[in-house]
Amino acid sequence: MSAPTRGGWASRFGFIMAAAGSAIGLGNIWKFPYMTASHGGGAFLVVYLLCVFVFGVSLLLAELVLGRMSKRNPIGAFRKLAGGAWPAVGALGVVTALIILSFYIVVSGWAMAYFVYAIQGTLTQADSGELNALFGHLVSNPVLPLIYAAIFVALTGLVVIGGVSGGIERMAKLFMPLLFLILILLVMRSLTLPNAGRGLAFFLQPDWSAIDGHLISAALGQAFFTLSLGVGGMITYGSYMADTQDLGRDALSVVALNTVVSLLAGLMVIPAMISAGITPDAGGPGTTFKVLPTVFAAMPAGNLFGIGFFFLLILAALTSSVSLLEPVVSFFVDEHGLKRSSATLIGMVFCFALAIPVSLSFGVWHHIQLFGLTIFGLMDYLTSNLALPIGSLLTALCVGWVVRRAAVDELANHGRLAAPWAPMWLFFIRYVAPIGIVWILIQGLFDL
């Protein structure tokens, strides 16, 4: 398959915005605040940051290396560089991406519904009790969330069909800077709400007694979730990179931007949650949708901020959802010679089919549980706590023990800053990351 057919990034800035957009999305703005609130506040934050910078940077770099060296999708990358049974690791990532995307589009559909509510003025006219009821009525409706999910997956498909530079990169360059601006404005308002200081203390002051195996496992899964590790997205994005790009510098840029947005999201939501009288560990998946409207109601021109926030939340979700769909599309294009449009349609259909039981698990299928988890909870746990860490573990083993010297050469030959630290990175990928991930996985399983 020729390079023009696969496509590529038009600029380094475009790649960073797209890769950061892949990492920055619902995982930061929707999931991170409620995960932090339900796992001890500051204690979870500390462990999460350690996981991001101890494991995230090196593993993100490993995926980018695999992608750029192979110029292939995740399955094709492992086949070309490692052979044997290693393509199964890429297949695990692609399947995991589809499962995550199935509940990702459901939550993104909620964001679309709240964008409509904001336009109608519903959010700023309701008190906290009415907002809780509004969210409950939305997610328990058997049809409406699926309509919004269908609209969102269609938007995702349109961007992916547009190609790498013409669709994904163009969108990311336009909207990611706006997301930062709106987040900063909302953080400033949240921190001036009554009792916001208590929320700030809860978020930033660790309660070390809250740290256990379950918290550590959840923090690692959240780190992988927000960085799009273990699903093949970064391998695919790396495959579109130019050989002249500095992989180390670009990986650090993506991780830094992702971390800043997570911190801003926590500063935005958790103080507002405390101010609204919501118990931190009672927020759950609906935290963002129940709490933020109370912030908008207290702001001058709050309805306009509400419209802007949920619009940009949709866009942030879109930049992440395309990175989940892109590995699937790249696989069909690279391995089976399908047109991008046909490959995209196949991925969209599979994704929406999986989204149906996820959405219904908040309503008519809420009683269907396994191991005490709803369908949504089970998919979230299996992907975030098991599939993503396992996929990253196997990626580290492949890069560290099979690809190894070729990976170091890739960094040293093309990255201006690579030569001094590349051998140290290889040592970490070979020994430290696998041992750490295995230990954390075991701790999480024992504490389930």
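**Helix contacts and selected residues in a predicted model**

In helix α4, residues Leu-45, Tyr-48, Leu-49, Val-52, Phe-53, Val-57, Leu-60, Leu-61, Leu-64, Val-65 and Arg-68 meet Leu-247, Gly-248, Ala-251, Leu-252, Val-254, Val-255, Asn-258, Thr-259, Ser-262 and Leu-263 of α13. Contact here means heavy atoms within 4.5 Å, and helices (H or I, at least four residues) are DSSP runs numbered from the N terminus, as are strands (E, at least two). By class, this contact of α4 with α13 holds 16 nonpolar residues, four polar ones and one charged one. Ala, Val, Leu, Ile, Met, Phe, Trp, Tyr, Cys and Pro count as nonpolar, Asp, Glu, Lys and Arg as charged, and the others, Gly among them, as polar.

The model is a predicted one, in which local features need pLDDT of at least 70 and side-chain atom pairs count only at pLDDT 80 or more, while totals for chains, interfaces and linings use all residues. Residues are numbered from 1 along each chain as its sequence is written, and side-chain values use heavy atoms, with hydrogens and water left out.

The axes of α4 (residues 42-70) and α13 come within 9 Å and cross at roughly 145°. Such axes are lines fitted to C-alpha atoms, for helices over the stretch in contact, with angles from 0 to 180 degrees between N-to-C directions. The crossing of α4 and α13 is right-handed; a crossing has this hand if the near helix is turned clockwise from the far one by less than a right angle, and is left-handed if anticlockwise.

Ser-262 lies in helix α13 (residues 247-275). With a relative accessible area of 1%, Ser-262 is buried, where buried means under 20%, exposed over 50% and partly exposed in between (1.4 Å probe, protein chains only). Apart from neighbours within four places in sequence, Ser-262 is in contact with Asn-28, Phe-32 and Tyr-48.

The crossing of α6 with α15 is left-handed, and their contact has 22 nonpolar, five polar and no charged residues.

Gly-221, in helix α11 (residues 213-226), is buried at 0% relative accessibility. Its C-alpha atom is separated by 9.7 Å from that of Asp-380, 159 residues apart along the chain. Beyond neighbours within four places in sequence, Gly-221 is in contact with Ser-384 and Leu-388. Glu-130, in helix α7 (residues 128-140), is partly exposed at 43% relative accessibility. Glu-130 and Lys-290 are 160 residues apart in sequence and 9.3 Å apart in space, C-alpha to C-alpha.

Most residues other than glycine have a negative phi. Lys-71, in the loop between α4 and α5 (74-81), has a positive phi near 55° and is partly exposed at 26%. Asn-195, in the loop between α9 (164-190) and α10 (196-204), has a positive phi of about 65° and is partly exposed at 47%. Cys-351 is buried, at 0% relative accessible area, and Cys-398 is buried at 0% as well. With a disulfide taken as a pair of cysteine sulfur atoms within 2.5 Å, the count comes to zero.
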